[in-house]
There are 2 protein chains.
Amino acid sequence: MRHMILLLVSLLLAAPLTIVAQPNSLLPVPRNMRMGEGATPLTLDSGTTVRVTRFRDARLDRAVARFVDRAEARIGVPFAVPGGPTATIVIEVTAAGQRVQGIDENESYSLHVNNERAFLKAPTVVGAIRGLETLLQLITGDEQRFYVPEVAIEDEPRFHWRGLLVDVGRHFMPVEQIKNTLDGMALVKLNVLHWHLSEDQGFRVESKRFPKLHQLGSDGSYYTQSELRDVVAYARDRGIRVVPEFDMPGHSTAWFVGYPQYASRPAPIAIRREWGGADAIFDPSREETYTFIDQFIGEMVAIFPDQYWHIGGDEVEAKHWNGNARITRWRRARGFANTAAVQAHFNRRLTTILRKHGRVMIGWDEVLHPQLPTQTVVQSWRGVNYLSEAVRKGHPGILSAPYYLDHIKPATDFYLADPLPAGTTLTAEQQALVLGGEACMWSEFVSEETTDSRLWPRLGAVAERLWSPQHVTDVPDMYRRLDVLAGRLEGMGLRVQSHTARMLRQLMPTGDIAPLETLLTVAQPPFFGQRLNGVSTNQLQPLTRIVDAARPDPSARWLVERLVRRVVQGPVDVAARDSLATLFARWRDNAPRVRALGTGTPLIAQSTPASDALARTSEIGLQAIGYLSRGERPPSEWLQMSMIELKGYEGPQGLLRVSIVSEIVKLLVILGGVVS
Amino acid sequence: MRHMILLLVSLLLAAPLTIVAQPNSLLPVPRNMRMGEGATPLTLDSGTTVRVTRFRDARLDRAVARFVDRAEARIGVPFAVPGGPTATIVIEVTAAGQRVQGIDENESYSLHVNNERAFLKAPTVVGAIRGLETLLQLITGDEQRFYVPEVAIEDEPRFHWRGLLVDVGRHFMPVEQIKNTLDGMALVKLNVLHWHLSEDQGFRVESKRFPKLHQLGSDGSYYTQSELRDVVAYARDRGIRVVPEFDMPGHSTAWFVGYPQYASRPAPIAIRREWGGADAIFDPSREETYTFIDQFIGEMVAIFPDQYWHIGGDEVEAKHWNGNARITRWRRARGFANTAAVQAHFNRRLTTILRKHGRVMIGWDEVLHPQLPTQTVVQSWRGVNYLSEAVRKGHPGILSAPYYLDHIKPATDFYLADPLPAGTTLTAEQQALVLGGEACMWSEFVSEETTDSRLWPRLGAVAERLWSPQHVTDVPDMYRRLDVLAGRLEGMGLRVQSHTARMLRQLMPTGDIAPLETLLTVAQPPFFGQRLNGVSTNQLQPLTRIVDAARPDPSARWLVERLVRRVVQGPVDVAARDSLATLFARWRDNAPRVRALGTGTPLIAQSTPASDALARTSEIGLQAIGYLSRGERPPSEWLQMSMIELKGYEGPQGLLRVSIVSEIVKLLVILGGVVS
């Protein structure tokens, strides 16, 4: 028994323990970096000048102007007028780079800083954009001055495709929100905005050719074509490609509110409010459907210059085609054995249309089919094994499965998920087909107001995984730098840290919100499936409850994980025990305060189950620390009852989850192990 | 001596002391309100329905949709599908109101709530918009449910003109920021956005007729015509008029970067970066100047439908005309005695142009001249006596002098400044010419990032002064409700409370900012003149320092003022003494923490003088409380030396001012009075 428990403990502790402190807060970590001795760093002040040598164009000029604005804001004084050959910061770019940024755009740069100047060199403007972000992150200071330490960096990304999917179909995100997200993406060197623009719950793009698409399919929330162009230009200025997704043949109910003639069932068709499962999908049997799609894509390619076009292709429910007698007759007449064969046919037609418009097709896992042309890119949302299957069949692949930000998992989970893990069985040729990865922010439970808090800082962990060398896997150092990233984004105006207080003010405009803020340092939203199955909800449900004020991977979770690790791994760490005891006491004593606030609104009253569960969890934790401190054997009944009680707190309590239950379990396991 | 000190104390206490608690948090206070007994309020839940009876139009529909969205967000569930005759919330409007909202638009409404329904009745859509804001502010809750208390309200504004000037010339504010401000204005029932669109430092409007205006005069920061139309429509949807100001003949340097031919001096003319004093003003001697202005206004009236047009007219420096020999010859030839006569001529020409375009002219104080047509509105920025002079001469007038938000004075100062004070010597006819007032947010030291924190919640005090009855002057209750307003705006996404943390994160992306937040609950930006004269600054200076993270009228100032009042007015208030002692001890002990943070960046190190001054002020306050508690006579030397030391802390310390110095002085005065 004792042996088994020790084994269990060692398994619990299997995550890497070594803390390799980085000498700075760069995120992502560059491929190669050598810090100087730092005796004489480069001072930044009102005498600093910036000079662009060799190549320049308007995009580079704008990037440099943004860099100067941000650096000046950081140091609080304007730089001097641009200097001549003696400039402090010199930027040397070879050429513009690709007219439409492609997957093989060169993003490399080198940065050399000594006490006289910073020299940034890049073959393309995009490389320079990456290097300027690094330079900004290197600015530090002391009491007297701001400076950049002596450093030599040679950097380039590990993967070419480093993306973020933003779902504006289920909940719309205004242009400003998209731009804030692009600013954050640029900060961590992501390079693809995968813009999920249509869904059962909304069609988000103005079509001049088919105006009923946005007029009837969007509830009035859509992007005008001028806004779309503006976003594409804004992204290009930051070295980010915009890949549009118009999901078909499924996830397409909103298309048919205005154009039911292309649907698998007759009118009227309304915008779907419930999550999961379409009310109608495209009718693959009519030639008019393809003409319609062709014309629509023809209109859109003028707005989205990217070479890739995402057709979705996921979760096509057979019932929509099988339930339509005419479509079924057509299917049999054409000799398609099943609906999978029909979808393959539909996809081949799309491939032809896209090729005509000069676009390469991307689709989700389900598009994979023997008849799919191999140049079609497969994006894997169901797991790394699906990615392997796709590349083994010769398709380029993008990994998304482990990077679902909306699933509310901790940053560690993303960070340690490698698109090409060390032990991969793929051949070198197959590995070359793995283009990279994409984080996904599906928006069933994410609104404009909450998206910053669900994207950041966790998206930084994905960004580093896709940019930095494979061996960069130091979790504690990642958390240290994610914390800096969160502060940087907050300073830029994103609602990363201040999200909670703002949402709590919606619930409670005045009075002390501190007890709720304390609760939400450790209580988090439930995982995606738990929320989906927990309370009946749909697109009309306001996302303004305590769960929406909560944050994924809350700050105290990682803190407790670290402290528990120190306590259970021995030697005796009194400081860690005391820190835990202080935290547990605070959380236990917080429950009556939360309860008191609940008398003012039912939406706060709904947080008392989680608050009480946290109090009980903390109480058990305190008792466990007590036994450990006294070297005492806890009564086995206490151990057993506590374990059972904690088990009850593992799931959501109301709409919140206590994030540290499994850490308290570890304390109990070690207690059981020590004493048995 | 003793008598004099007691007199001084009673003067210090002259502000109203009675706390008349409002039964709710409505801001502004309605003209007439009767609360019911409240035994059976109106419950709001997923069964609530909203119905518009009688008149409806698209503007009303949008207003109701916004109301429903906000109410649903507040209660966390969607309302039921719009109901029939049994609807819970009934909105009855008589007619659309004016096609272009005018100064005499009817903004009245009545609201009757019982346990079965809320009935909102208004003669116009604007009245309904006002009433919906009131209804939203009435929503409250307990542990079980949300509800609106039983109430009967008859409401209308005291003044017709309740405005806010936003200066986008000196620092540009993007459309989103303007919209956020309009949302806040609607919350407190303000009805005029006075948009100061051109300045020496920037011309902010796209002109298709004279494109060099925005191309060369704006640094690229200007509103496109489509954005301007969008803002005007957005404002109209909220019952807010948009009055554009294009300041002339002075404050106009930026016009001449592109069109020097209309300036008082030859090209080249650059955008002026320094504050105060133009580099060039309009040339009044050339006919081409008036043709140019005529054509420009002709282009703009299509965008700005408001009947009023602001020509600025302030601070015209004689030197620009006197220093030009040709203009001087022309002035003499025309028989104008001085430059004031020239400006009067210029203004008469403008009046004619504006009349042709169907617009009524507004100008600042200085436009007042015997030859100015009496329909011209005079906006007073130099004091209430200038307003009186204008209305005595038959001009309609708007008061702005006491409402300069950028001067960083406390809300009390705005609240107690009445455009028509009780003892006014104006005749009834003259009083009728006082249209109302306008708060001003000049932007020498205000950027997009800081403007929310400088507007709010103090603007609420001005809004209430202009809407509510004259007798509503309860300062403590105003502060209570401003606090609720701040929370409401924060919940809507404005950066009112979270401003400080966000700006501090720009200075310090990671680490504990709490010591700085503590400092900024009591240290505030210096008054306008102090900052202008303090440190050399211009348009290029980033507004990202500690002073920009600070807030006007910081929360602890009013708290200390209240506590000190309780301590000095007797009878012995031990609780107030203890509270003060706790605060003082906290601020004294905060100084070393601020000092430690300063080692990380010079911008934080710059806050140590203020932090140290606060610590010393608090130490003296603690000693004073000690003497008071012990009923002890302080040594007169201590009293004298402390007074001298406090005197030294009255002005800015670095770029921050300790807001409570005068309150500690009050404690010393009472100590001196008690013992002498």
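Predicted model: local features only at pLDDT ≥ 70, side-chain atom pairs only at ≥ 80, totals over all residues.
User: Which residues gather in a patch of negative charge on the surface?
Analyst: Residues in such a patch must have over 30% relative accessible area and no salt bridge. Glu176(A), placed in helix α4 (residues 175-187) of chain A, has a relative accessible area of 37%. The patch is formed by Glu176(A), Glu448(A), Glu176(B) and Glu448(B).

User: Which strands stand at the edges of the open sheet of three strands in chain A?
Analyst: The order of this sheet is β2-β8-β7, with antiparallel pairing. An edge strand here has a single partner, so one side of it is left without a neighbour in the sheet. The edge strands of chain A are β2 (42-44) and β7 (140-141).

User: What is the bridge partner of Leu42(A) in β8(A)?
Analyst: β2(A) pairs with strand β8 (residues 146-148) of chain A in the antiparallel sense, over three bridges. In β8(A), the partner of Leu42(A) is Val148(A).

User: How many residues apart are Arg130(A) and Glu107(A)?
Analyst: The side chains of Arg130(A) and Glu107(A) meet in a salt bridge at 2.9 Å, N to O. Arg130(A) belongs to helix α3 (residues 125-138) of chain A, whereas Glu107(A) is in the loop between β4 (89-93) and β5 (109-113) of chain A. Both Arg130(A) and Glu107(A) are buried. The pair links distant parts of the chain, and its separation is 23 residues.

User: Are Arg170(B) and Glu444(B) buried or exposed?
Analyst: These side chains form a salt bridge of 3.2 Å, N to O. Arg170(B) lies in the loop between β10 (161-167) and α4 (175-187) of chain B and Glu444(B) in the loop between β18 (434-441) and α15 (451-455) of chain B, so the pair ties together parts 274 residues apart in sequence. Buried means under 20% relative accessible area. At 7% for Arg170(B) and 9% for Glu444(B), each residue is buried.

User: What is the relative accessibility of Arg595(B)?
Analyst: Arg595(B) and Asp612(B) meet in a salt bridge (2.1 Å, N to O). This pair ties together helix α25 (residues 608-630) of chain B, where Asp612(B) lies, and helix α23 (residues 574-597) of chain B, where Arg595(B) lies. Asp612(B) is partly exposed at 24%. Arg595(B) also counts as partly exposed, with a relative accessibility of 41%.

User: How many salt bridges does the structure hold over all chains?
Analyst: Some are linked in a network, as with Asp167(A), Arg170(A), Glu199(A) and Glu444(A). Over all chains, the number of salt bridges is 80.

Key:
Residues numbered from 1 in each chain as written. Chains lettered and ligands numbered in written order. Heavy atoms only, no water. Patch = residues over 30% accessible without salt bridge, like charges linked within 9 Å, V, L, I, M, F, W, Y side chains within 5 Å. Areas by Shrake-Rupley, 256 points an atom, 1.4 Å probe, with all protein chains shown as cover. Salt bridge = Lys/Arg side-chain N within 4 Å of Asp/Glu carboxyl O. Lys, Arg positive; Asp, Glu negative; His and termini not counted. Charge placed at Lys NZ, Arg CZ, Asp CG, Glu CD. Helix = DSSP H or I, 4+ residues; strand = E, 2+ residues; numbered from the N terminus. Buried < 20%, exposed > 50% of the residue type's maximum accessible area, 1.4 Å probe, protein only. Pairing = 2+ DSSP bridges.
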